[in-house]
Amino acid sequence: MNILDKIVADKFKEIQLKQALIPSAQLEKSPIFQRETTSLASALKNSKSGIIAEHKRRSPSKSMINQSLNVQDVASGYEDAGVCGMSVLTDSKYFGGSLEDLLLARASVKMPLLRKEFIISEYQILEAKAHGTDVILLIAAILTRDEIKTFSELAKSLGLDVLLEVHNLEELEKSIMPSLDMLGVNNRNLKTFEVSTNISKELSAKIPQDFVKVSESGISSIAAIKDLKQYGYQGFLIGENFMKTDDPGKYAKEFIQQLS
Ligand SMILES: O=C(O)c1ccccc1NCC(=O)[C@H](O)[C@H](O)COP(=O)(O)O
C-alpha cells in the first residue's frame with residue numbers, strides 16, 4: 001500500500017465518525033460559513049513573488065519539521081512577509097495539523113488560506129468553508145474525473161478557489177476542466193519522497209493557459225523559482241524550507257526580498 005492509499009483509508013473512517021457528530025447542515029449554519037472569500041488565483045496573477053507559504057509540523061517524509069511554533073504567529077509572520085497566501089495542513093495523523101489550525105490562522109490574517117487536505121468527500125469541502133478557507137486542494141491521484149468535477153463545482157458554488165494537484169501527465173490529462181482555477185504540479189515522488197522540479201518543467205507546456213500554474217514541494221532556492229518562472233509558473237508552494245527555521249515569517253520575508 002502506498003502512502004496516499006494509507007492516508008485515504010484513514011480519511012474514510014475519520015469522515016464517517018465526524019459526520020455522525022457534526023452533520024453538514026450544522027457546518028452550513030456556522031457564521032464563518034457566510035464569510036466572503038478572497039481569491040488565491042487572483043493574488044498569484046498580480047504578484048511578483050507568487051509565494052504560497054505552508055504551515056507544516058511534520059510529514060510522512062520528515063517526521064519532525066517544527067513542533068514548537070504556534071500557527072497564529074506563523075500566519076501573521078507570513079502575512080507580514082507579503083506572501084500571496086498560506087497553506088494550512090489539517091491532517092492530524094500524518095502531518096500533525098488540524099481544523100483548529102485553519103480556524104486560528106483565519107482569525108489571525110486576511111490573506112487567502114488553502115486547506116491542505118486529502119479531500120475525498122463533499123463533507124470536507126463544507127468543513128473547509130466552515131473553518132475559514134478560501135481555497136481547496138484536490139489531488140488527482142486519489143480522485144476520479146467525476147469526483148474532481150463534483151467537488152470542484154461544489155467549491156466554486158461556495159465561492160472557493162480550486163487548486164488541482166497532479167504528479168504526472170496521465171493525472172493532468174484526466175483532470176482538466178473549467179471548474180479549476182489553479183493547476184499544481186507536485187515535485188515530490190510519493191513512492192521515493194525524492195523531490196525534483198523537473199516534473200514541473202516537463203508538464204508546464206501541457207497545462208492550458210487558462211489556469212494559474214503552481215509548482216509544489218521541494219522548492220528551497222531563489223534560483224529554482226526564477227527557473228520555474230521561465231516555464232510559466234506563477235505560484236510556488238513552500239513548506240519545509242520556511243517551517244524548519246525558528247521564524248518562518250522572517251525567513252519568508254528575506255526570501256521574498258531576494259526575489260524582487
Ligand atoms: O510532504 C510530504 O512528505 C508528503 C507526503 C505525502 C503526501 C503529501 C506530502 N506533502 C504535502 C505537500 O504537498 C507539501 O507539504 C507541500 O507541497 C510543501 O512541500 P515542501 O516545501 O517540500 O515542504
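UniProt positions follow the numbering used here, with shortened feature names, and an annotation may be inferred rather than shown by experiment. Keep that in mind as you work. The model is predicted.

**Exercise 1. The annotated region and the confidence**

Find which residues the UniProt domain annotation covers, and state the helix and strand content there.

*Solution.* 
Step 1. Read the record. The unreviewed UniProt entry carries the annotation "domain: Indole-3-glycerol phosphate synthase", and this covers residues 4-254.
Step 2. Look at the content. Over residues 4-254 the chain is 42% helix and 16% strand.
Step 3. Look at the ends. The end C-alpha atoms of this stretch lie 34 Å apart.
Step 4. Check the confidence. The chain has a mean pLDDT of 97, and 100% of its residues reach 70 or more. For the complex, the predictor gives an ipTM of 0.98 and a pTM of 0.98.

**Exercise 2. The barrel**

In what order do the eight strands close into a barrel, and is the pairing parallel or antiparallel?

*Solution.* 
Step 1. The order is 1-2-3-4-5-6-7-8, and the pairing is parallel. On average, neighbouring strands of this sheet are turned by 25 degrees against each other, direction ignored.
Step 2. Begin with strand 1. Strand 1 pairs with strand 2 in the parallel sense, over four bridges. Here glutamate 54 stands opposite serine 87 of strand 2.
Step 3. Go on to strand 3. Strand 2 (residues 85-89) runs parallel to strand 3, and four bridges join them. Methionine 86 has leucine 113 of strand 3 as its bridge partner.
Step 4. Jump to strand 7. Strand 7 (residues 212-216) and strand 8 (residues 235-238) run parallel and share three bridges. Serine 215 faces phenylalanine 236 of strand 8.
Step 5. The bridge partner of alanine 53 in strand 8 is isoleucine 238.

**Exercise 3. Two faces of a strand**

Decide whether the residues of strand 1 and strand 3 are buried or exposed, face by face.

*Solution.* 
Step 1. Recall a general rule. In a regular strand the side chains alternate between the two faces of the sheet.
Step 2. Sort strand 1. Ile51, Ala53 and His55 point one way, Ile52 and Glu54 point the other way, and all are buried.
Step 3. Draw the conclusion. Five of the five residues of strand 1 (residues 51-55) are buried, so strand 1 is largely enclosed by the rest of the structure.
Step 4. Sort strand 3 (residues 113-116). Leu113 and Arg115 lie on one side, Leu114 and Lys116 on the other. These four are all buried, and both faces are covered.

**Exercise 4. Counting neighbours**

*Solution.* 
Step 1. Set the cut-off. A residue is buried with 20 or more other C-beta atoms within 10 Å, exposed with 12 or fewer, and partly exposed in between.
Step 2. Take leucine 160, in the loop between helix 7 (145-157) and strand 5 (161-166).
Step 3. Take glutamate 165, in strand 5. Glutamate 165 is 106 residues from serine 59 in sequence, and their C-alpha atoms are 17 Å apart.
Step 4. Take phenylalanine 193, in the loop between strand 6 (182-186) and helix 9 (198-204).

**Exercise 5. Positive phi**

*Solution.* 
Step 1. Most residues other than glycine have a negative phi.
Step 2. Read phenylalanine 193. Its phi is positive, near 70 degrees.
Step 3. Read serine 217. Its phi is also positive, about 80 degrees, although serine 217 is not a glycine.
Step 4. Serine 217 is buried because 26 C-beta neighbours lie inside 10 Å.

**Exercise 6. Around the ligand**

How many residues surround the ligand, and which are the closest?

*Solution.* 
Step 1. Count them. The ligand is surrounded by 19 residues.
Step 2. Name the closest. They are Ser59, Ser61, Ser217, Gly239 and Glu240.
Step 3. Sort by class. The shell has seven nonpolar, seven polar and five charged residues.
Step 4. Trace the elements. Strand 8 and helix 11 (240-243) each supply at least two residues of the shell.

How values were computed. Residues are numbered from 1 along each chain as its sequence is written. Two strands pair if DSSP finds at least two bridges between them. Axes are lines fitted to C-alpha atoms, for helices over the stretch in contact, and angles run from 0 to 180 degrees between N-to-C directions. A residue is near a molecule or strand if its C-beta atom, placed from the backbone, lies within 6 Å of it. Ala, Val, Leu, Ile, Met, Phe, Trp, Tyr, Cys and Pro count as nonpolar, Asp, Glu, Lys and Arg as charged, and the others, Gly among them, as polar. pLDDT is the predictor's confidence in each residue, from 0 to 100.
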